[in-house]
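Thanks for coming. I will go through one model today, starting with the rings and ending with the salt bridges.

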Amino acid sequence: MGRFKHLLAQDRSLILHGALGTELEARGYDISGSLWSAKFLLEDSKAIQSIHKDYILAGADIVITSTYQASIASLVDVGLSVDEAKKLIVKSVSLAKTAREEAWAELSQHEKQERHYPLISGDVGPYAAYLSDGSEYTGYYGEISKEALKDFHRLRIRLFIAEEVDLLALETMPNKLEIQALVELLNEEFPQVEAYLSVTSQDGECLSDGTPLEEVVEILSTCPQVLAVGVNCSSPSVSEKVLERLSELTELPLLAYPNSGESYDGNTQTWHQGQNGALSVPECQAKWQGQLSQLKLVGGCCRTRPSDIAKIKKQIEKI
């Protein structure tokens with residue numbers, strides 16, 4: 001590790017991989033169920049590899065593994081042994097690396113010179129993804145201890161490090177206790193890792209569980225391994241407020257990969273029409289790039305596709 005920190009120090013913003021489940025759905029795959037897009041690690045891993053490749057060709061500098069909902073616990077719950085679950089998480093890294101090699105081989109020498117060799121980010125999705133009840137948007141986990149949250153995340157992180165990912169994506173975090181657990185894990189057990197932390201918010205001022213963003217920044221101040229902080233899986237309007245607030249609270253590089261603006265119903269696992277007349281994700285990214293010099297990681301989350309990443313790339317080149 002070390003490339004992530006180096007690239008963050010450069011002038012150009014890095015582009016993140018877009019939505020996986022959205023693209024699988026667009027290609028005719030059924031992503032319903034507790035594993036969501038991660039079930040295709042089992043059923044059709046080539047589909048995941050193909051999507052990784054298309055995002056890289058569209059301009060992504062960071063490939064996020066297909067493990068948002070593929071935790072050890074979630075995989076065991078669908079009938080795998082612990083060893084089988086571990087192998088599947090390792091496979092997710094292999095798919096991302098193979099996609100990177102295939103995409104890079106298709107680029108011209110000029111294109112390679114104009115780009116960074118893509119990083120592989122191990123996706124450490126929240127405990128909410130295991131609950132599979134939409135709690136990414138509430139932060140409500142019921143009765144669970146900090147130690148139990150550490151246990152939930154520990155083995156997946158250990159596997160990512162063993163497979164030599166470039167960084168960890170601690171993403172879609174809605175809950176203060178979980179962030180505390182992850183920070184302690186990194187400090188105590190994984191001091192060599194580089195990571196970013198991305199939260200969800202419903203109002204632009206607090207985590208989804210109601211914790212003020214000031215408290216999140218205070219927790220991160222104890223963890224030098226977290227090199228950037230920001231927001232994902234929230235609407236563009238809320239994401240903009242989060243970015244503005246974080247820019248007041250920290251000098252860390254910022255990141256944003258919002259949803260398209262549609263709203264999600266966790267009970268039915270369906271998306272619904274967003275606000276009419278709202279800016280698209282690429283348009284928002286162009287706006288934010290002009291306003292916030294701290295914004296160093298940009299992309300799109302749910303309901304965005306490779307075409308959106310390509311548009312973001314073109315806009316960054318213009319800026």
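First, a definition: rings of Phe, Tyr and Trp (its six-membered ring) pair if their centres lie within 6.5 Å, and planes under 30 degrees apart count as stacked, over 60 as edge-to-face and the rest as tilted. On that basis the structure holds seven aromatic pairs. One of them is Tyr29 with Phe40, an edge-to-face pair at 5.0 Å centre to centre with 75° between the planes. Tyr29 sits in the loop between α2 and α3 (40-43), Phe40 sits in helix α3, and the two are 11 residues apart.

Before I go on, the conditions. This is a predicted model, where local features need pLDDT of at least 70 and side-chain atom pairs count only at pLDDT 80 or more, while totals for chains, interfaces and linings use all residues. Residues are numbered from 1 along each chain as its sequence is written, and side-chain values use heavy atoms, with hydrogens and water left out.

On burial, I use relative accessible area with a 1.4 Å probe and protein chains only: under 20% is buried, over 50% is exposed, and in between is partly exposed. Tyr29 is partly exposed because its relative accessibility is 25%. Phe40, with a relative accessible area of 5%, is buried.

A second pair is Tyr196 with Tyr257, also edge-to-face. Here the distance is 6.3 Å centre to centre and the planes make 85°. Tyr196 lies in strand β5 (residues 195-199) and Tyr257 in strand β7 (residues 254-257), so this pair ties together parts that are 61 residues apart in sequence. Both Tyr196 and Tyr257 are buried. Elsewhere, ring pairs link Tyr127, Tyr130, Tyr141 and Phe152 into a cluster.

Now the overall picture. The protein has 14 helices and 10 strands; these are DSSP runs numbered from the N terminus, helices being H or I with at least four residues and strands E with at least two. Its C-alpha trace spans about 50 × 40 × 40 Å along the principal axes. For 319 residues, a compact globule would have a radius of gyration near 20 Å, and the protein agrees with 18 Å. That radius is taken over C-alpha atoms, and the globule rule is 2.2 Å times the number of residues to the power 0.38. Of the 319 residues, 56% count as buried.

A contact here means heavy atoms within 4.5 Å. Among contacts with a separation of 6 or more, 77% are between residues 24 or more positions apart.

Next, helix α6. It covers residues 82-106, has 25 residues, and reaches 37 Å from its first C-alpha to its last, close to the 36 Å expected. The expected span is 1.5 Å times one less than the number of residues. Its buried residues include Leu88, Leu95, Arg100 and Trp104. What does Leu95 touch, not counting residues up to four places away in sequence? The list is Leu41, Ser45, Ile48, Gln49 and His52. Leu95 counts as buried, at 6% relative accessibility.

Last, salt bridges, meaning a side-chain nitrogen of Lys or Arg within 4 Å of a carboxyl oxygen of Asp or Glu. The whole structure has 20 of them. Arg305 forms one with Glu23, with the closest N and O atoms 2.7 Å apart. Arg305 is in the loop between β10 (295-298) and α14 (306-318), Glu23 is in helix α2 (residues 21-26), and 282 residues separate them. Buried or partly exposed: which is Arg305? Arg305 is partly exposed at 35% relative accessibility, whereas Glu23 is buried at 3%.

Lys146 bridges to Glu184, again with the closest N and O atoms 2.7 Å apart. Lys146 belongs to helix α9 (residues 146-162) and Glu184 to helix α10 (residues 176-189), 38 residues apart. Both are partly exposed, Lys146 at 26% and Glu184 at 23%.

Then there is Lys287 with Glu240, closest N and O atoms 3.1 Å apart. Lys287 lies in helix α13 (residues 281-291) and Glu240 in helix α12 (residues 236-249), so the pair ties together parts 47 residues apart in sequence. Finally, salt bridges with shared partners join Lys146, Glu147, Lys150, Glu184 and Glu188 into one network.
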